[in-house]
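Subject: Structure handover

Hello,

Please find the structure below, followed by notes on what was found in it.

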Amino acid sequence: MVDYYLSCKRKHALLLAAVLLGLLASVLCAFRTGRERGLQESIARQVIRFHILANSDEEEDQELKLQVRDVILKQLELLLEDSGSVEESRAIIRENLESIEETAEAAVRSRGFFYPVHAGLVRDEFPQKTYGDCTFPAGEYEALRVSIGEAKGHNWWCMVYPGLCFTEESGAYVSEESKELLKHVLTEEEFELVAKEQRITVKWKLWELWKERHG
């Protein structure tokens with residue numbers, strides 16, 4: 001009887017410990033989520049993305065998207081080469097939206113297409129995106145958006161401020177020079193979130209022990 005009582009007591013203690021661990025994990029997860037959301041919002045205030053949407057996922061529309069991307073990137077490189085802040089970059093882009101739209105439209109027409117083209121500076125939700133060893137968290141960002149035709153195809157994006165654009169997604173990486181640009185506009189904590197993969201794994205040791213002994 002005593003052994004049975006002690007056995008039940010140990011089981012209850014293990015179960016209570018597992019519950020407490022679960023609560024602790026939930027608190028830590030909520031804290032981490034809130035912290036990362038705050039950092040994402042802070043990062044978003046320091047950057048401007050470039051987002052281009054293809055008419056469709058047809059091969060010719062996807063190729064057209066990349067061709068339009070290339071001519072706009074060349075234009076942006078000239079427009080923003082002396083920009084020293086996100087505010088200045090935003091003002092330059094706004095002043096040149098019509099010109100950017102005309103550049104994109106001319107690229108579309110020169111390749112035999114007659115899709116309507118629209119360029120605008122917008123705020124929108126973006127999924128998490130990784131380039132090499134840099135990951136930009138999901139959330140709302142400001143972006144120069146160029147929409148081609150129905151804009152229902154796969155999109156392409158990069159950062160126009162700071163300048164982190166690449167011409168080939170498949171081989172995309174963030175150079176040391178580009179990382180220095182990020183360090184210049186982000187705080188140390190924000191840069192750590194972007195530049196390092198951060199994962200917290202909570203191991204349920206006592207719960208695993210419980211299942212091993214009594215499962």
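Asn55 counts as buried because its relative accessibility is 10%, where buried means under 20% relative accessible area, exposed means over 50%, and partly exposed lies in between (1.4 Å probe, protein chains only). This is a predicted model, in which local features need pLDDT of at least 70 and side-chain atom pairs count only at pLDDT 80 or more, while totals for chains, interfaces and linings use all residues. Residues are numbered from 1 along each chain as its sequence is written, and side-chain values use heavy atoms, with hydrogens and water left out.

Asn55 sits in the loop between β1 and α2. Helices (H or I, at least four residues) and strands (E, at least two) are DSSP runs, numbered from the N terminus. Leaving out residues up to four places away in sequence, Asn55 touches Asp61, Tyr115, Ile148, Gly149, Glu150, Ala151, Lys152 and Gly153; contact here means heavy atoms within 4.5 Å. Asn55 and Gly149 are 94 residues apart along the chain, yet their C-alpha atoms are separated by 4.7 Å.

The side chain of Asn55 also makes a polar contact with the side chain of Asp61, at 2.9 Å. A polar contact is a pair of N or O atoms within 3.5 Å; within protein, one must be able to donate a hydrogen and the other to accept it, and residues adjacent in sequence count only if both atoms are side-chain atoms.

A polar contact of 2.4 Å links its side chain to that of Asp61. Not counting residues up to four places away in sequence, Ser56 touches Asp61, Gln62, Lys152 and Gly153.

Next comes helix α2, which covers residues 59-80. The buried residues of α2 include Asp61, Gln62, Leu64, Lys65, Val68 and Arg69. The buried residues of this helix pack against β1 (48-53), α3 (86-95), α4, β5 (139-148) and β6 (155-161). Leu66, also in α2, is partly exposed because its relative accessibility is 33%. Leu66 and Asn155 are 89 residues apart in sequence and 9.7 Å apart in space, C-alpha to C-alpha.

The axes of α2 and α4 (residues 97-110) come within 9 Å and cross at roughly 145 degrees. Axes are lines fitted to C-alpha atoms, for helices over the stretch in contact, and angles run from 0 to 180 degrees between N-to-C directions. Among the residues that meet are Leu64, Val68 and Val71 in α2, and Ser99, Ile100 and Thr103 in α4. By class, this contact has 10 nonpolar, three polar and no charged residues. Ala, Val, Leu, Ile, Met, Phe, Trp, Tyr, Cys and Pro count as nonpolar, Asp, Glu, Lys and Arg as charged, and the others, Gly among them, as polar.

Tyr141 lies in strand β5. Is it buried or exposed? Tyr141 is buried, because its relative accessibility is 0%. Its side chain reaches the backbone oxygen of Pro137 at 2.6 Å. Leaving aside neighbours within four places in sequence, its contacts include Gln40, Ile43, Val122 and Phe136. The C-alpha atoms of Tyr141 and Gln40, 101 residues apart along the chain, are separated by 9.0 Å.

Two backbone details follow. Most residues other than glycine have a negative phi, and most peptide bonds are trans. Ala151, in the loop between β5 and β6, has a positive phi of about 55 degrees although it is not a glycine. The peptide bond from Tyr161 to Pro162 is cis, with omega near -10 degrees.

For the protein overall, there are seven helices and six strands. Of its 215 residues, 40% count as buried. Of the contacts with a separation of 6 or more, 71% are between residues 24 or more positions apart.

Regards
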